[in-house]
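Here is a short briefing on one protein chain. Please look over the sequence and the model first; the notes follow.

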Amino acid sequence: MGSEFTAAGLSNLTKNGWFPNGFGGVFTTMLTVNFAFFGTELIGITAGDAKDPQKTIPQAIHTTLWRLVIFFIGSIFVMSALIPYEVVGVTQSPFVYVLKQLHLPFVSDLMNFVVLMAIISAANSGLYASTRMLWSLGNEQTLPATFTKTSKNGVPVIALCTSMLGAILALISSVVAADTVYLVLVSLSGLAVVIVWMTIALSQLKFRKAFLASGHQLSELKYKTPLFPFVPWFAFSLSGASCLLIWFDPTQRIALSWNIPFVICCYLG
């Protein structure tokens with residue numbers, strides 16, 4: 001597979017120890033890792049549009065979990081076994097790098113196409129979530145009622161166009177203001193993902209308490225969080241730790257310095 005490789009196997013996972021550059025690297029990369037898993041919370045948002053949420057949402061939760069284990073964690077495990085950590089870079093996809101070593105025609109180009117389609121899919125899901133959120137805020141009278149206007153097919157057109165405009169402006173900023181505006185936007189969105197997860201975990205804890213206090217029984221719930229309350233508290237604690245630990249990384253500290261005033265402004269608004 002190339003002169004860089006002595007062998008492909010599990011030895012690459014333990015080469016120079018499990019943490020050759022120190023355990024601190026785990027914390028400094030958590031924000032980037034969390035950003036890669038952004039979108040899993042969209043399952044809850046789709047409940048408002050699902051025809052049979054009592055059946056489809058639990059199915060979506062289970063299938064998403066297994067897909068993450070197989071396609072994300074599984075593929076990372078394979079890549080780590082194939083590529084020594086000294087060779088891995090950030091200039092190209094590790095999948096493309098491995099396929100290039102196989103010297104198969106057009107395979108790396110095909111992988112680049114797959115990566116591009118994945119990016120478009122992620123952008124599409126983000127656009128849907130933003131549109132749905134604007135409509136919901138307008139419906140709750142937090143934003144102007146204009147955002148609740150829909151087409152004859154039930155599409156919130158104004159909310160959709162507003163979301164698309166914001167996406168286009170963010171894309172332009174990555175070209176004309178990559179080190180200023182775009183950097184701030186990436187920092188805000190990266191840490192906002194973690195804050196959203198913390199909010200979801202806290203909401204789950206408060207919901208279960210309020211649900212039982214109002215006289216309901218657990219048997220009435222169509223989907224019960226496994227190992228409650230350990231799972232939501234575990235998720236809340238790890239997400240909170242990843243927010244605090246990035247303060248010790250000077251390159252990512254900007255995420256906290258911008259998110260704290262941003263969140264305050266949101267609540268004031």
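Of the contacts in the chain with a separation of 6 or more, 61% join residues 24 or more positions apart; contact means heavy atoms within 4.5 Å. The model is predicted: local features need pLDDT of at least 70, side-chain atom pairs count only at pLDDT 80 or more, and totals for chains, interfaces and linings use all residues. Residues are numbered from 1 along each chain as its sequence is written, and side-chain values use heavy atoms, with hydrogens and water left out.

**Overall make-up**

- The chain has eleven helices and zero strands. Helices (H or I, at least four residues) and strands (E, at least two) are DSSP runs, numbered from the N terminus.
- The C-alpha atoms fill a box of roughly 65 × 45 × 40 Å, taken along the principal axes.
- The chain has 269 residues, and 25% of them are buried. Buried means under 20% relative accessible area, exposed over 50%, and partly exposed in between, with a 1.4 Å probe and protein chains only.
- The accessible surface comes to about 18100 Å². Carbon and sulfur atoms hold 71% of that surface. The areas come from the Shrake-Rupley method with a 1.4 Å probe; for residues, only the protein chains shown count as cover.

**Helix α5**

- Helix α5 covers residues 53-82, which is 30 residues. Its end C-alpha atoms are 41 Å apart, in agreement with the 44 Å it should span at 1.5 Å a residue. The expected span of a helix is 1.5 Å times one less than its number of residues.
- α5 bends by about 30° at glycine 74. The bend is the angle between axes fitted to the seven residues ending at a residue and the seven starting there.
- Ile57, Pro58, Leu68, Ser75, Met79, Ala81 and Leu82 are the buried residues in α5.
- Their cover includes α1 (11-14), α4 (42-45) and α6 (94-101).

- α9 has 33 residues. From first C-alpha to last it reaches 46 Å, close to the 48 Å expected at 1.5 Å a residue.
- Glycine 215 follows α9, and its phi is positive, near 100°.
- Leucine 227 is in the loop between α9 and α10. Its phi is near 55°, a positive value in a residue other than glycine. Leucine 227 counts as exposed because its relative accessible area is 64%.
- Proline 229 is also found in the loop between α9 and α10. A cis peptide bond joins phenylalanine 228 to proline 229, with omega about 5°.

- In soluble globular proteins, nonpolar side chains tend to be buried together.
- The largest nonpolar core here has seven residues: Leu191, Val194, Met198, Cys243, Ile246, Ala255 and Leu256. The elements giving two or more residues to this core are α9 (181-213) and α11 (253-268). α9 gives the most, with three residues.
- A second, separate core has five residues, among them Met79, Ile83, Tyr97 and Val98.
- A nonpolar core is a set of buried Ala, Val, Leu, Ile, Met, Phe, Trp, Tyr and Cys residues joined through side-chain atoms within 4.5 Å.

**Two buried serines**

- Serine 173 lies in helix α8 (residues 157-176). Its relative accessibility is 6%, so serine 173 counts as buried.
- The side chain of serine 173 reaches the backbone oxygen of alanine 170 at 2.6 Å. 
- Leaving aside neighbours within four places in sequence, serine 173 is in contact with Ala178, Val181, Tyr182 and Leu185.
- Serine 239 sits in helix α10 (residues 230-245). Its relative accessibility is 10%, so serine 239 counts as buried.
- Not counting residues up to four places away in sequence, serine 239 touches Val194, Trp197 and Met198.
- Serine 239 and leucine 218 are 21 residues apart along the chain, and their C-alpha atoms are separated by 27 Å.

**Glutamine 141**

- Glutamine 141 is in the loop between α7 (107-139) and α8.
- Its phi is near 65°, a positive value in a residue other than glycine.
- Glutamine 141 counts as exposed because its relative accessible area is 73%.

How values were computed:
Polar contact = N/O pair within 3.5 Å; in protein donor to acceptor, adjacent residues only side chain to side chain.
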